[in-house]
Amino acid sequence: MDRAQTSSDDYDGVEFWSVPERGGWLTKQGEYIKTWRRRWFVLKQGKLFWFKESTVTRGSKPRGVIPVATCLTVKGAEDVLNKQFAFELSTRSETMYFIADSEKEKEDWINSIGRSIVQHSRSVTDNEIVDYDSKQ
């Protein structure tokens, strides 16, 4: 049962392998080496995970995860990148770029991530949830 321990705090017990809010292929620009790679993305419970393969199981290891609460904006980025179906996701410290397979996919991802940002953003939830960090 070692695998259970490897799900780091980033995952917060999110069952990314079952019934995602949205899942699909996106081409993502690498953080350090600016190459474009196709990855399978899963949006669930305020986390955007990505994987190398589209077959996501309990044992799959995400290649990365973005907590959408840290994101400020998600919007089209076709002008910025000069590429069709491109969009960007911005946090305070960085902007990540993605390319969808179609205009509809792009819009759907922007809408889904945007909705998730609103649901999970600090300003909305501060009054509703107990912030354990502030008690330490």
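Reply: Helices (H or I, at least four residues) and strands (E, at least two) are DSSP runs, numbered from the N terminus. N82 lies in the loop between helix 2 and strand 6, and F85 is placed in the loop between helix 2 and strand 6 as well. This is a predicted model, where local features need pLDDT of at least 70, side-chain atom pairs count only at pLDDT 80 or more, and totals for chains, interfaces and linings use all residues. Residues are numbered from 1 along each chain as its sequence is written, and side-chain values use heavy atoms, with hydrogens and water left out.

Me: Why does N82 count as exposed?

Reply: Buried means under 20% relative accessible area, exposed over 50%, and partly exposed in between (1.4 Å probe, protein chains only). N82 has 70% relative accessibility, so it counts as exposed.

Me: Why does F85 count as buried?

Reply: F85 has 19% relative accessibility and therefore counts as buried.

Me: What is the phi of F85?

Reply: F85 has a positive phi of about 60 degrees, although it is not a glycine. Most residues other than glycine have a negative phi. N82, also not a glycine, has a positive phi near 60 degrees.

Me: How does the reach of helix 3 compare with what is expected?

Reply: The expected span is 1.5 Å times one less than the number of residues. Helix 3 (residues 103–120) has 18 residues and reaches 26 Å from first C-alpha to last, close to the 26 Å expected.

Me: Which residues of helix 3 are buried?

Reply: They are K106, D108, W109, I110, S112, I113, S116 and I117.
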